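Have it open next to you as you read.

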Amino acid sequence: MTESTQLTEMQQSFVDNIVTLGCSGAEAARRAGYSENSARFQAANLLNNPKIQEAIRKEQVKLIGGTLASKALRTLEQVMDDPDSPTGARVDAAKTILDRAGLSAVPTSRESITPPTGRKISDLDTNELIALIDNAMAIMAEQKTQTIEHVK
């Protein structure tokens, strides 16, 4: 429960069921202890309540910013490192990681990104795209090392 938003135990349980279990509103209400007959009605009221909406948003941000963010980054890394992944998926994964690291190229449209070769990214062949990804990974590793050394 947050300091700014005081919820009852049942309301907090409803929020937890919505966020962590991904239940429908009616199912979350039933699991929170609302009666079977009124669960759908209670869910509609709860989901329209600004306090509940705020609590759901806060819980979602906590969840996404925690283990899900790490899991998402691991998934992107696996896609990027998998030679059997389609080249476009590998490039998208690399771009997403670079974006999250604050290294994204602007503009982000595929057609307008111009790698060091001077050609559009869409005109590169598979080997050139892989080289571009490898170069980006080397830059990220170097920046990570520099950041760690800076913190020491």
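A contact here means heavy atoms within 4.5 Å. Keep that in mind for every meeting of residues below.

Before we start, some ground rules. This is a predicted model, where local features need pLDDT of at least 70, side-chain atom pairs count only at pLDDT 80 or more, and totals for chains, interfaces and linings use all residues. Residues are numbered from 1 along each chain as its sequence is written, and side-chain values use heavy atoms, with hydrogens and water left out.

**The overall picture**

The protein has six helices and zero strands, giving the pattern α-α-α-α-α-α along the sequence. Helices (H or I, at least four residues) and strands (E, at least two) are DSSP runs, numbered from the N terminus. Of the 152 residues, 26% count as buried, where buried means under 20% relative accessible area, exposed means over 50%, and partly exposed lies in between (1.4 Å probe, protein chains only). The accessible surface is about 10,100 Å², and 54% of that belongs to carbon and sulfur atoms. Those areas come from the Shrake-Rupley method with a 1.4 Å probe; for residues, only the protein chains shown count as cover. Among contacts between residues at least 6 apart in sequence, 38% join residues at least 24 apart.

**How the helices pack**

Two packed helices are described by the angle between their axes and the distance between the axes. Axes are lines fitted to C-alpha atoms, for helices over the stretch in contact, and angles run from 0 to 180 degrees between N-to-C directions.

| Pair | Angle | Axis distance |
|---|---|---|
| α3 (residues 39–48) and α4 (residues 50–81) | roughly 75° | within 5 Å |
| α1 (residues 9–21) and α4 | about 45° | 9 Å |
| α1 and α2 (residues 25–32) | about 135° | 8 Å |

Angles under 35 degrees count as roughly parallel, over 145 as roughly antiparallel, 65 to 115 as roughly perpendicular and the rest as oblique.

Take α3 and α4, which are roughly perpendicular to each other. On the α3 side you'll find Leu46, Leu47 and Asn48, and they meet Pro50, Ile52, Gln53 and Ile56 of α4. Sorted by class, this contact has five nonpolar, two polar and no charged residues. (Ala, Val, Leu, Ile, Met, Phe, Trp, Tyr, Cys and Pro count as nonpolar, Asp, Glu, Lys and Arg as charged, and the others, Gly among them, as polar.)

Now for α1 and α2. With axes 8 Å apart at about 135°, α1 is oblique to α2. Met10, Ser13, Phe14, Asn17, Ile18 and Leu21 of α1 touch Gly25, Ala28, Ala29, Arg31 and Ala32 of α2. By class, that contact has seven nonpolar, three polar and one charged residues.

**Two residues up close**

Is Asn17 buried or exposed? Asn17, which sits in helix α1, is buried, with a relative accessible area of 10%. Leaving out residues up to four places away in sequence, Asn17 touches Gly22, Cys23, Ala28, Arg31 and Ala32.

And where is Ser122? Look in the loop between α5 (87–100) and α6 (126–151). Ser122 counts as partly exposed, at 37% relative accessibility. Its C-alpha atom is 9.5 Å from that of Gly88, although Ser122 and Gly88 are 34 residues apart along the chain.
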